[in-house]
Each structure stands twice: as structure tokens, then as C-alpha cells.
Amino acid sequence: VKSALLAKDADLVCAFDISGTTRTETVTSVKAPIGVIAHPDHVLAKRNSVSISDCLEHPVIAPTQSWLNHSILKDLIENPNSPFQIAARVERIGMLRNLVLSKLGIAFLSPIGLRQDILDRKLAWIPLSNAARLQTTVSLLVPKGRILANYTRELVDHLNDGLDAQREVVS
């Protein structure tokens with residue numbers, strides 16, 4: 001992701017769990033806890049929090065290996081002490097969302113990007129219990145020193161407003 005930014009193939013990057021470098025600048029970021037995404041009818045959706053062991057008996061929609069390799073979810077999903085029932089592996093959050101909506105299983109994600117579905121009660125987000133707390137960071141990065149075009153600056157401002165709205169969900 002950063003390589004596209006540095007190669008000038010992108011003016012802006014919005015990504016999970018990457019940080020700025022000497023050649024990039026983090027415009028803004030938001031931290032969010034990882035929890036369980038479930039259909040509102042799911043038994044786990046009725047709880048205030050869930051442990052990893054609570055999730056073991058439920059099918060899990062998991063990221064593909066290429067997604068996991070760059071994710072804080074890797075240690076959680078691949079932990080031999082927590083043998084999840086993987087129902088499907090997906091490459092995109094949208095597909096993961098759709099499979100959870102169809103009641104195929106639960107997933108581990110932050111609520112970022114799912115705010116409206118959670119507010120509309122299409123999806124439930126349940127935090128992990130204290131013992132299993134994980135956090136992800138969503139960042140907006142730009143090339144350091146590059147003067148952004150006006151339309152790119154407006155997009156950055158719009159995305160920053162969107163991240164501010166996400167902060168309300170995770171607060």
C-alpha cells in the first residue's frame with residue numbers, strides 16, 4: 001500500500017495497521033478495538049462482551065492468508081490453542097460483512113466501516129473481553145512534502161470527517 005503512495009501512483013492511502021515512514025506522513029488515525037461482528041439474531045449478539053473461547057463453537061468468516069499476513073488478526077485466527085471452525089475465507093471486508101449478514105458465521109473486526117450497519121441494527125458488534133483485547137489503527141497517509149491538489153485536500157478532509165464519525169462508534 002505504501003509503495004503505491006511512494007511510487008506516486010496514489011496521492012492518499014487509507015489503511016489498517018500501517019504507520020508513516022520517513023517518506024510518508026500520517027494525516028490522521030483512529031484506534032479501534034477488535035470485537036466480534038455477528039448477525040443481530042446470533043446468540044453472541046445478546047452479550048456485553050465475549051471471550052475467545054465463547055467464539056470457538058461458532059463458524060467464523062476469516063480473512064484470506066494474504067490479508068492475515070498484514071493484520072493483527074493473524075495471531076488470533078492462527079492460534080493453535082483456539083481452533084476456530086472456519087466457514088469461509090474472504091479477501092474483502094464487504095464480502096465478510098455480507099457472509100455475516102447471511103448468518104453464515106461470525107467475524108473478528110473493529111466496528112470501523114460498519115458504523116451504519118451497527119446503528120441500523122443490521123449487524124451487532126460485541127467487544128472482546130479484557131483478556132483478549134486487540135486494537136487496530138486506521139490511518140490516512142500522504143507522501144511527506146508533496147503539495148496535495150485542492151481536490152485531494154478536500155477528499156482528505158472528507159475522509160477525516162468520516163473517521164471522526166467512526167470514533168463515535170468506538171468511544
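How do the residues of the lining of the largest pocket divide into nonpolar, polar and charged? They comprise 13 nonpolar, seven polar and three charged residues, where Ala, Val, Leu, Ile, Met, Phe, Trp, Tyr, Cys and Pro count as nonpolar, Asp, Glu, Lys and Arg as charged, and the others, Gly among them, as polar.

This is a predicted model, in which local features need pLDDT of at least 70 and side-chain atom pairs count only at pLDDT 80 or more, while totals for chains, interfaces and linings use all residues. Residues are numbered from 1 along each chain as its sequence is written, and side-chain values use heavy atoms, with hydrogens and water left out.

A pocket is an open set of points on a 1 Å grid over the protein atoms alone, where a 1.4 Å probe fits, with protein on both sides within 12 Å along at least five of seven lines; lining residues have an atom within 4 Å of a point. Each volume is the space filled by probe spheres set on the points, which are joined across faces, edges and corners.

| Pocket | Volume | Lining |
|---|---|---|
| Largest pocket | about 630 Å³ | 23 residues |
| Second largest pocket | about 160 Å³ | twelve residues |

Nearest the centre of the largest pocket lie F16, W67, H70, S71 and I93, and strand 1 (13-16) supplies the largest share of its lining, four residues. Helices (H or I, at least four residues) and strands (E, at least two) are DSSP runs, numbered from the N terminus. In the second largest pocket, C14, I112, G113, V138 and L163 lie nearest the centre, and helix 7 gives the most to the lining, with five residues.
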